[in-house]
Amino acid sequence: MKKIFSITFILLISTFFSCKKGYLDEKPLDFLSSANALVTNVDFNIAINDMYRVTRIEFFSRDEQRPFDYIFGTDIVFDGQPDVARHTNMAAAYAPSGGLNISLSHWSALYKIISEANTIIGRIPASSMTDAQKTQAEAKGRFFRAFAYRTLAYLYGGVPLILSEVTTPKTDFVRATKAAVLNQCIDDLKFAVINLPAITAVQDGEISNLAAGHLLAEVYLAAGQFQNAADAATVVINNPAVALMKNRFGSKSTVTPGDVYWDLFQPGNQNRKSGNTEGLWVIQFETDILGGGSTSTAMAGSYLLERQHAPLVRDLTVNGKAPFLWPVDDYTGGRGIGWAISTKYFSDVIWQSDFTNDIRNSNNNFVRNFISNNPASPLYGKVVSTQNPPAGVTVPSRAFYAYQSKCTTPGGHPTNLILDPVLHTLKATAGGTYLDQYMFRLAETYLIRAEAYLGLNNLVNAAADINVVRARSKASPVFPTNVNIDYILDERMREFGVEEKRRLTLMRLGLLYDRVKRFNPYYNDVLPKYNLWPIPADEIERNNTGKLEQNPGY
């Protein structure tokens with residue numbers, strides 16, 4: 001510590017005395033430095049693109065586990081392999097320090113987005129951009145800053161609110177209140193809504209005014225501003241450029257079995273160029289393209305939802321025989337390894353009133369009936385069902401449970417991953433979900449507005465918005481008297497499932513403990529304090545001239 005101080009002191013003294021020597025001042029003319037890194041519009045676009053990259057890594061492709069911290073430990077799935085799972089032991093998973101470092105890893109990634117946003121915003125005035133370009137860059141920076149701070153507020157509560165570039169060491173941070181953080185998000189997003197381009201004017205994957213409006217409505221909910229939330233959502237819903245998809249479309253629109261909900265998750269169908277008017281912000285993946293976030297030559301670096309959520313059918317035996325080849329490019333789970341097992345509540349209970357009508361529950365969307373594809377099995381060609389499993393087969397278990405087909409790419413894995421085109425077997429490097437991914441979808445905007453109407457005690461309008469989403473899936477309408485927050489959370493589960501960053505929704509509402517306690521008995525050690533993650537111990541210790549208060553119970 002003394003050596004570091006001494007070196008820092010010498011550098012600061014040298015800088016002070018050399019300031020008077022103009023001939024010693026260095027002006028970078030032909031190399032990149034902090035002084036000239038952000039000057040032109042091209043420079044700023046490169047910096048903005050990195051915020052997209054960090055966002056994709058944090059929520060989708062960081063490694064085979066960290067993006068799934070947003071669904072494990074919730075009411076949707078539980079850990080299929082406890083000896084490697086991150087959430088089985090919640091006391092260890094959510095400890096302020098330790099080997100898993102869940103709270104620190106996400107804290108650091110989200111503050112990286114904020115740091116980049118602040119640098120962009122702070123360097124705009126001295127840039128060579130036009131006024132219009134400056135406004136665009138500021139709107140994008142403020143969107144991403146709000147997006148990161150909103151996530152931090154849901155996960156940790158109040159956090160340090162940093163709104164300018166930090167250029168010198170700082171160890172006296174304090175936590176702003178959660179309300180102050182959300183109000184800053186609202187200010188940033190109001191600017192973004194006004195100044196970001198229209199959704200019809202942006203490229204695939206770019207943020208737009210409607211993406212900002214959707215997020216603004218959600219943050220208004222978190223702030224308890226229900227009328228503002230409803231109004232912000234209405235602006236998005238009423239925009240003529242967007243609408244729920246109600247008819248079949250896209251790359252596999254003639255494939256059967258299939259339906260419009262299934263079409264939403266087929267290759268190439270997430271972006272507007274496919275005819276999709278429902279996606280508001282779609283995270284882009286390009287397989288085997290440098291920087292594309294997805295590869296067919298190794299699992300690492302791809303979005304591994306297939307690997308996580310699809311069952312490890314290789315390990316299933318019936319009367320001593322394996323009914324399934326593994327891995328296969330069909331509806332038997334691809335190269336799933338059964339780490340994220342559907343809860344019974346997710347796979348069965350929430351569908352009971354509409355089991356046969358709701359297309360989101362059809363077998364091509366929520367796979368329950370597996371057809372044996374192993375010619376060596378006596379069951380070859382027959383259905384093996386999670387609803388009526390053969391004797392001796394446990395459901396759910398790591399080898400066999402119902403799962404959402406949107407996690408895999410049945411019949412659509414990259415050709416480079418096909419090992420045997422006759423048997424449709426996959427190579428060992430499969431396991432990714434080789435699709436662009438929705439961050440925001442218009443169906444969610446309707447459910448956000450329904451939640452706002454619930455907060456306003458307007459159950460008629462809340463039911464009407466829920467029923468717009470349900471009608472698309474041929475589900476029976478809900479009556480206003482049956483609408484409550486549990487119903488809305490169940491509807492979100494039906495519509496999104498593993499597509500949703502479920503932890504954010506439950507922690508925004510302060511209901512993670514309640515929902516897990518009631519609907520996911522696997523996590524029998526869940527505690528009320530887990531409605532928030534701890535402030536990372538490393539951050540508290542580094543902040544040695546200020547005080548970062550720890551969350552209660554940690």
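Modeller: Two residues are in contact when heavy atoms of theirs lie within 4.5 Å of each other. With that in mind, and remembering that this is a predicted model, we can look closely at Thr433, which lies in the loop between strand E11 (425–426) and strand E12 (437–441). Leaving aside residues up to four places away in sequence, Thr433 touches Tyr303, Leu305, Glu306, Lys406, Cys407, Thr408 and Thr409. Is Thr433 buried or exposed? The relative accessible area of Thr433 is 2%, and because buried means under 20%, Thr433 counts as buried. Thr433 can also be placed relative to Asp79, from which it is 354 residues apart in sequence and 19 Å apart in space, C-alpha to C-alpha.

For a view of another part, we can turn to a pair of helices. Helix H2 (residues 41–61) packs with helix H5 (residues 131–156) at an angle of about 20°, and their axes are 11 Å apart. Angles under 35 degrees count as roughly parallel, so H2 is roughly parallel to H5. Among the residues that make this contact are Phe44, Ile48 and Met51 of H2, together with Ala137, Phe144 and Phe147 of H5. Taken as a whole, the residues of the contact of H2 with H5 comprise eight nonpolar, five polar and one charged, and the crossing of the two helices is left-handed.

Conventions:
Residues numbered from 1 in each chain as written. Predicted model: local features only at pLDDT ≥ 70, side-chain atom pairs only at ≥ 80, totals over all residues. Heavy atoms only, no water. Axes fitted to C-alpha atoms, helices over the stretch in contact; angles between N-to-C directions. Helix = DSSP H or I, 4+ residues; strand = E, 2+ residues; numbered from the N terminus. Parallel < 35°, antiparallel > 145°, perpendicular 65-115°, else oblique. Left-handed = near helix turned anticlockwise from the far one by under 90°. Nonpolar A, V, L, I, M, F, W, Y, C, P; charged D, E, K, R; others polar. Buried < 20%, exposed > 50% of the residue type's maximum accessible area, 1.4 Å probe, protein only.
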